[in-house]
There are 2 protein chains.
Amino acid sequence: MPHGTAPLETGEARDAPRDDLSSEVTPGAGTVAASAEELGRPATIRDVAALARVSHQTVHRFLQGYEGIRPTTRERVVEALAALEYRPNLTARSLTTGRSMRIGALTHELDQFGPSKIIQGAAQAARDAGYVLDILSLDMGDPEEIDQALQTVTQHDLAGVLALASTDHMAQAFGAANFRVPAFLAGEEDEFASHHPSQLTTVGFPALIDHLAELGHQRLLHVAGPTAWSAARNRARAFEAAVAAHGLVSVGVVHGDWTARSGYEAIAALPARLDFTAVIAANDQMALGALLALRERGVRVPEDVSITGVDDIPDAAYFSPPLTTLRVDFVAQGRRAVEHLLARIAQREPADDEALISQLVVRRSTGTAAP
Amino acid sequence: MPHGTAPLETGEARDAPRDDLSSEVTPGAGTVAASAEELGRPATIRDVAALARVSHQTVHRFLQGYEGIRPTTRERVVEALAALEYRPNLTARSLTTGRSMRIGALTHELDQFGPSKIIQGAAQAARDAGYVLDILSLDMGDPEEIDQALQTVTQHDLAGVLALASTDHMAQAFGAANFRVPAFLAGEEDEFASHHPSQLTTVGFPALIDHLAELGHQRLLHVAGPTAWSAARNRARAFEAAVAAHGLVSVGVVHGDWTARSGYEAIAALPARLDFTAVIAANDQMALGALLALRERGVRVPEDVSITGVDDIPDAAYFSPPLTTLRVDFVAQGRRAVEHLLARIAQREPADDEALISQLVVRRSTGTAAP
DNA sequence: GTGCCAAATGTGACCGGTCACAATGCCCCG
DNA sequence: CGGGGCATTGTGACCGGTCACATTTGGCAC
């Protein structure tokens with residue numbers, strides 16, 4: 001269909017410019033389209049060239065920001081571009097250059113706060129760099145489907161591929177795929193278990209455990225995320241390390257699935273007598289669930305048991321009671337992931353990024369330990 | 001760079017096939033690449049054609065599912081495709097066809113539960129149809145920036161454009177843009193204020209108000225969303241209509257911004273004496289904030305005041321107390337939006353979709369009205 | 001005015017898949 | 001055994017922007 005559209009007119013337009021140099025400058029008399037409407041289809045550089053009475057290459061040069069164009073020529077090109085409402089066709093461009101302005105983002109669990117924030121940051125960073133983000137939400141679980149989705153990715157020639165959710169499934173599928181383009185797997189930073197000893201007591205989990213220790217808590221329960229998530233493992237490791245560093249006691253690690261329901265069930269399933277004074281949940285949702293379960297058991301928060309989360313979702317400040325938590329900058333993670341990928345695409349070294357420090361936010365869900 | 005890669009070899013490969021029909025079938029002897037590695041770049045249909053000793057057109061026909069290919073020929077093509085690990089180049093394809101397999105999704109507020117769920121549904125539906133979703137997250141507010149983002153969209157030739165967030169800003173920007181492709185603005189359905197009288201008492205807000213009326217509530221407060229959102233206006237309208245239909249009293253409509261904070265402040269700002277027995281928040285987050293504000297005022301929920309939300313975010317079941325709310329199927333909304341768009345792209349009539357009914361979920365935040 | 005050189009501009013091919021149109025090959029009939 | 005006609009396959013151009021290279025133009029010195 002797009003082919004057949006008035007090929008003759010196009011042909012004439014291409015040949016016309018060199019003839020009537022002497023005739024009137026006022027367009028519209030010849031076969032050269034002088035306006036977008038007259039053309040009836042998106043303008044190409046050749047349409048613009050014809051109207052500006054230059055070669056398509058000159059138009060191209062102008063668009064590339066080439067300086068050496070005579071002012072008079074340049075002016076004609078500018079006018080023609082405006083008159084025809086020219087917009088470059090990125091598809092054609094990528095066909096020749098072999099590069100595209102698209103980044104594929106593999107993700108799942110888009111309804112989770114973290115991942116969707118990361119996507120938001122990634123989309124921003126991508127757009128700032130003139131790229132668009134192609135979302136490929138995979139339903140994990142069906143390996144067949146993952147495979148098919150990855151196939152799809154390789155066909156849509158992308159400048160690079162980013163994997164954002166950090167489950168083992170994803171990592172595995174990602175590793176096995178042959179994208180033929182730069183790829184970057186954005187896992188959660190190991191910030192919680194910082195290897196810089198100097199920071200151990202000031203950032204992330206150490207700060208959180210510090211806070212609890214100061215309040216006199218000795219025995220802690222960790223409600224962890226699903227083990228298939230590296231973020232969950234990181235946090236669990238960081239928890240254990242911080243506890244050990246403070247000489248406190250971990251009474252156990254229960255695994256949930258990030259949902260409030262799993263946090264609720266983790267607490268509800270405990271024996272009648274609780275042998276801890278603080279619950280450290282690996283995210284705010286599970287903390288919320290734990291909060292309700294404790295309340296239903298007649299346990300007061302924070303008088304009897306303190307509770308903490310991780311993420312600082314916007315709602316956390318309005319839980320009953322408001323939740324003490326570690327704020328994680330997901331948007332920055334997304335931005336950074338894209339920047340890393342862009343660096344790899346451009347074959348530069350990625351900018352040295354400072355650590356993403358998760359910040360302790362103290363609210364009313366933590367208090368002095370019950371005696 | 002991709003140009004220069006051994007143009008000679010390519011040229012020879014293109015001409016070679018017809019010569020050595022008699023010589024060995026075993027490849028590798030001539031200049032025709034017989035494997036993906038040997039090629040060192042993605043295989044094209046012409047590479048495949050050369051290896052299969054057919055014309056590029058025959059390969060093309062095979063790929064299009066054309067039946068009339070002699071079995072022996074077909075077999076050679078199949079083998080060549082496999083040997084060279086051929087993957088179609090979608091960029092080249094869209095250049096000629098003028099169609100692409102990409103849908104642009106304009107959105108903002110990706111951190112909101114509703115929008116991100118809608119995106120999830122849209123991405124699923126898109127992928128099911130072989131499309132990918134290009135996310136274009138706009139920062140509303142800066143009209144300059146919106147404009148620029150829309151420019152970007154028109155350059156990435158997309159099969160269609162979808163706008164998902166339903167603020168007036170978006171609607172306006174969307175309406176003003178000239179996408180040159182099918183576009184679809186997915187606003188929230190007017191489901192809450194259904195015009196089908198028969199459904200008025202069974203779905204959405206009517207059901208919610210029904211529920212409260214049965215519990216004896218007479219005086220209601222609505223915490224609405226921001227007026228710039230059509231969803232907020234719909235819900236406010238539906239609230240008023242349902243109240244009127246039941247002969248109840250609306251003591252007022254306070255506008256928040258969807259966040260828990262705004263719900264909290266809406267209640268905190270009220271005079272000491274509350275003249276309502278139920279708060280109807282336009283979403284669950286604001287209900288959460290209201291819940292905390294009431295608690296801090298010493299008001300018990302649901303004994304003194306009942307509270308309801310809308311959306312049924314996963315956390316709502318674990319608020320303290322668990323929230324009575326209207327469940328909205330955002331994923332279905334996203335799917336439907338994409339299906340509508342795809343229908344428009346294919347110039348078919350969209351499938352007749354049944355109403356998306358929001359379902360009342362009764363939990364413990366509502367109880368009999370205080371006397 | 002002439003010649004030279006760099007600056008400015010033009011030409012044609014190409015990316016890879018698709019399209020319109022041609023040219024074979026093959027089978028069967030008279 | 002020749003020829004009609006369909007089945008099968010091939011040819012070349014095209015989409016629009018880019019690249020490598022060729023050609024023209026202008027400015028300046030002589």
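I began with DNA strand D: helix 1 (7-15), helix 4 and helix 6 of chain A, and helix 4 and helix 6 of chain B, each supply at least two residues of the surface near it. Near means that the C-beta atom of a residue, placed from the backbone, lies within 6 Å of the strand; helices are DSSP runs (H or I, at least four residues), numbered from the N terminus.

I noted that the model is predicted, that local features need pLDDT of at least 70, that side-chain atom pairs count only at pLDDT 80 or more, and that totals for chains, interfaces and linings use all residues. Residues are numbered from 1 along each chain as its sequence is written, with chains lettered from A and ligands numbered from 1 in the order in which they are written.

I found 28 residues around DNA strand D, with A:Thr44, B:Ser55, B:Gly68, B:Arg70 and B:Thr73 coming nearest. Helix 6 of chain A gives the most to this surface, five residues.

I then turned to DNA strand C, which 28 residues surround; the closest are A:Ser55, A:Gly68, A:Arg70, A:Thr73 and B:Thr44. Among the elements that give two or more residues there are helix 4 (56-63) and helix 6 (90-97) of chain A. Helix 6 of chain B gives the most, with five residues.

Last, I compared the chains. Chain A superposes on chain B (RMSD 0.1 Å) by a rotation of 180° with 0.1 Å of shift along its axis, fitted by least squares on C-alpha atoms of residues with pLDDT of at least 70 in both. This is the relation of a two-fold axis. In chain A, A:Asp134 has the C-alpha nearest the axis, 2.2 Å from it.
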